[in-house]
Amino acid sequence: RVFLRAINQYADMLNKKFLDQANFELQLWNNYFHLAVAFLTQESLQLENFSSTKRAKILNKYGDMRRQIGFEIRDMWYNLGQHKIKFIPEMVGPILEMTLIPETELRKATIPIFFDMMQCEFHSTRSFQRFENEIITKLDHEVEGGRGDEQYKVLFDKILLEHCRKHKYLAKSGETFVKLVVRLMERLLDYRTIMHDENKENRMSCTVNVL
């Protein structure tokens, strides 16, 4: 809780002193996002790994601090305005790590950042190729590392499709991208499940699907 308060103080100062065009500090903002995501993903806050009694005690006393800092990260991202493009694609990995935390409200609040990144890169370059490449690379790494689940796949699909379909220029390319990522996620989750299967044919078939 002490660290959370400190990070929030840091965020206030960034918004007040280092956001406008004349005083914007890329490295400071970068540090903020990496620090906040590291806080959110640390082992000691992953409540689903605790017994129900310990989980209830922590929630009762502190609430889910991951959700608190996650909402703060989301707001800080949107505060960036015209500076957002400077954080793409480097910030895709940390944001992905955050959205993969198995907390439904946090996921619902933060997955839309991906659409914002797509939109931002599209306005700058008329495509979102760098964002797309980065999320595919990082997703592969994260799922192999044990993160991600069926619920995440469903939420990712639903939230991003809704946003893309409302956008004049991203409707078609956005839908193609979402379907591609969801299909990849399916393959990666299957592969992760079957990796320890004794049956070599099953493992080979899953590997071929991923490739």
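## Close-up views of a predicted model

**View 1. Helices α2 and α4 are roughly antiparallel to each other.** In this predicted model, the axes of helix α2, which covers residues 26-41, and helix α4, which covers residues 65-79, come within 9 Å and cross at roughly 160°. Because angles over 145 degrees count as roughly antiparallel, the crossing angle of roughly 160° places α2 and α4 in that class. The crossing of these two helices, α2 and α4, is left-handed. On the α2 side the contact is made by W29, Y32, F33, A36, V37, F39 and L40, and on the α4 side by M65, R66, I69, G70, E72, I73, M76 and W77. Sorted by class, the residues in this contact between α2 and α4 comprise 12 nonpolar, one polar and two charged.

View 2. With a relative accessible area of 25%, N15 is partly exposed. The C-alpha atoms of N15 and L4, which are 11 residues apart along the chain, are separated by 17 Å.

**View 3. K84 is found in the loop between α4 and α5.** Helix α5, at the end of this loop, comprises residues 92-99. K84 is buried, since its relative accessible area is 10% and the limit for a buried residue is under 20%. Leaving aside residues up to four places away in sequence, K84 touches W77, Y78, D116 and C120.

**View 4. Helices α5 and α8 are oblique to each other.** The axes of α5 and of helix α8, which runs over residues 129-144, come within 9 Å and cross at roughly 50°. The crossing in which α5 passes α8 is right-handed. In the contact, V92, G93, L96 and E97 of α5 meet F131, E134, I135, K138, L139 and E142 of α8. By class, this contact of α5 with α8 holds five nonpolar, one polar and four charged residues.

**View 5. Helices α9 and α10 come within 9 Å, axis to axis.** Helix α9 covers residues 150-165 and helix α10 covers residues 171-194, and their axes cross at roughly 175°, which makes α9 roughly antiparallel to α10. The α9 residues E150, Y152, K153, F156, D157, L160, L161, C164 and R165 meet A171, G174, E175, V178, V181, V182, M185, E186 and L189 in α10. The residues of this contact between α9 and α10 divide into 11 nonpolar, one polar and six charged.

**View 6. C120 and C164 are buried cysteines whose sulfurs are 14 Å apart.** C120 counts as buried at 16% relative accessibility, and C164 is buried with a relative accessible area of 0%. The cysteine sulfur closest to that of C120 belongs to C164, yet at 14 Å it is too far for a bond, because a disulfide requires two cysteine sulfur atoms within 2.5 Å. The count of disulfides accordingly comes to zero. C120 is also one of the residues touched by K84, while C164 is among the α9 residues that meet α10.

Definitions and conventions. Residues numbered from 1 in each chain as written. Predicted model: local features only at pLDDT ≥ 70, side-chain atom pairs only at ≥ 80, totals over all residues. Heavy atoms only, no water. Buried < 20%, exposed > 50% of the residue type's maximum accessible area, 1.4 Å probe, protein only. Axes fitted to C-alpha atoms, helices over the stretch in contact; angles between N-to-C directions. Helix = DSSP H or I, 4+ residues; strand = E, 2+ residues; numbered from the N terminus. Parallel < 35°, antiparallel > 145°, perpendicular 65-115°, else oblique. Left-handed = near helix turned anticlockwise from the far one by under 90°. Contact = heavy atoms within 4.5 Å. Nonpolar A, V, L, I, M, F, W, Y, C, P; charged D, E, K, R; others polar.
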